[in-house]
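Take a look at the sequence and the structure below. Keep both in view as you read.

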Amino acid sequence: MLLLASQPQVVQSSSSAKHHRHAPSEGAQMAGAAALARIGQQQRPKVHTSQDAIRNQVKKELEAEATSLAEKEKAAAAEESKVPVKDFACLSVSGVYFTCPLTGATLTKSEREVHIKEAILMRFEEDEVEASVMMIHTFNKDREKVKAAVDIISKYVENICKNPTEEKYRKIKLSNKVFQEKVRCVEGSREFLQALGFMSIMLPVEGQEEEEEFLVLPEQSPDALELMKERKDRLQRGEPVRAQLDRQPQAFRASANAMRFELPPEFYNLTAEELKKEQQQRSDLVEKNAMLRTKAMREKEEQRERRKYNYTLLRIRLPDGNLLQGTFYAWDRLPVLFGFVRDSLVDGWQPFELIAPGGQKLQESEEVALAECNLVPAALLSFAWDAAVQADIAAAGGKRPALLKPALLETIQNLS
């Protein structure tokens, strides 16, 4: 991939070689199989039959989802193998990884969703309320539907607490239109109601020969009602459980290859065919467009270019020549980058500056995306301590601040 001379050399690679981790080629399928095995083997607390049925349905969906993801991974790998790339000894970073906030497991992109669903289901062992809240906010993608269901369930609880002796507020007819359209369609909603104490009971309905299913809550004590209010608040405060990007902090010794990057396919928001076409045309287009485009046209094109990248790999050159490397979302803001650098330093409390390629001084206070600073798909930045502060420290007889933390220096590598 040909870039301007002032930019770091970035090469897209379809290689699966990894020098830090070895992600399984069928990770999504394995995660789904593990989920099914553990859920099936471990004894769950006694719950109502209807809740078991829902849980079994979720298990079936996880199995189907894992199979589908594995097939997509296989197809994507086949497509990526068609992209012509240069053969380097190793990648600049082995891939893009994520951390599950519930288990701490390191995951590939395709493993994230299945693993988190598995972890939430296993959470029922410890806290059914917490698990069902997570289920509602994580399993359902339509946030408007989630809000509608949460509002209705909250109204159920409020009515019960205001009228604790009135049976009608403690009975939910499952064929009720509002329940069917607003609550039942949201995964986890029934689990939450049953975690509150609702039980599935068949009851006669006036004017009908056949009984219907109701969720019925026994009359609650004052303490139990207070607990219901607290659980309702937990439901309302719930947030989706999302895997967190593993920044893979890595230190490198000073190297003449600091500006050379070879990135894995995950960094690109392009299909294999689009990458192939781009590699063939980029050199001619850069030269031609530089002559013909207006400034507005160039800026619009740059915005389109930035949207091609999901992630960016950044290196920071430190005063001693060593390099600090980390992976970021292309839309991460500058404060995230500064926070990453600060957390990697022994004396990160001291003010410092980051200078982008071309001499642009980045401002930590600015909520600007890395892509908007032209720091995608990779860039080499320079680090400098605040000169005025260092002068004051030197005048007072203080020592020069230390740089990278020992944990990073223990794993420092040569940059190939």
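What follows is a walk through rings, strands, a helix and charged pairs. Bear in mind that this is a predicted model.

Start with the aromatic rings. A search of the whole structure finds 9 aromatic pairs. One of them joins Phe 98 and Tyr 311. Their ring centres lie 6.3 Å apart, and 65 degrees separate the planes. That makes the pair edge-to-face. Now find these two residues along the chain. Phe 98 is in strand β2, residues 97–99. Tyr 311 is in strand β10, residues 311–317.

Tyr 311 has another partner. The ring centres of Phe 267 and Tyr 311 are 6.0 Å apart, with the planes at 70 degrees, so this pair is edge-to-face. Phe 267 sits in the loop between β9 (260–263) and α9 (272–292). From there to Tyr 311 is 44 residues, and the pair again links distant parts of the chain. Phe 267 is buried, like Tyr 311. Ring pairs link Phe 98, Phe 267, Tyr 311, Tyr 329 and Trp 331.

Go back to strand β2. Strands of a sheet pair through backbone hydrogen bonds, either parallel or antiparallel. Here, an open sheet of 3 strands runs in the order β3-β2-β7, and the pairing is antiparallel. The edge strands are β3 (106–108) and β7 (244–246), each pairing on one side only. From one strand to the next, the twist averages 45 degrees. Between β2 and β7 there are 3 bridges. Phe 98 faces Leu 245 of β7 across this pairing.

Next, find helix α3, residues 112–122. How many of its residues are buried? The count is 9 of 11, and the helix is mostly covered. Among the buried ones are Val 114, Ile 116 and Lys 117.

Side chains of opposite charge can pair when their charged atoms come close. Lys 117 meets Glu 113 in a salt bridge, at 3.8 Å from N to O. The two are 4 residues apart in α3, so about one helical turn separates them. Lys 117 is buried, with a relative accessible area of 12%. Glu 113 is at 33% relative accessibility and therefore counts as partly exposed. Lys 141 joins Glu 113 and Lys 117 in a network of salt bridges. Lys 117 also lies over the face of Phe 139, at 5.2 Å from the ring centre.

The whole structure holds 13 salt bridges. Another one joins Glu 212 and Lys 173, at 4.0 Å from N to O. Glu 212 is in strand β6 (212–216) and Lys 173 is in strand β4 (171–173), 39 residues apart. Glu 212 is buried at 16% relative accessible area. Lys 173, at 28%, counts as partly exposed.

End at helix α12, residues 387–395. Asp 386 caps its N-terminal end. A side-chain oxygen of Asp 386 lies 3.2 Å from the backbone nitrogen of Ala 388. Just after the helix, Gly 397 takes a positive phi of about 80 degrees.

Definitions and conventions: Residues numbered from 1 in each chain as written. Heavy atoms only, no water. Phe/Tyr/Trp six-rings, centres within 6.5 Å; stacked < 30°, edge-to-face > 60°. Buried < 20%, exposed > 50% of the residue type's maximum accessible area, 1.4 Å probe, protein only. Lys NZ or Arg CZ within 6 Å of the ring centre and 35° of its normal. Pairing = 2+ DSSP bridges. Axes fitted to C-alpha atoms, helices over the stretch in contact; angles between N-to-C directions. Polar contact = N/O pair within 3.5 Å; in protein donor to acceptor, adjacent residues only side chain to side chain. Salt bridge = Lys/Arg side-chain N within 4 Å of Asp/Glu carboxyl O.
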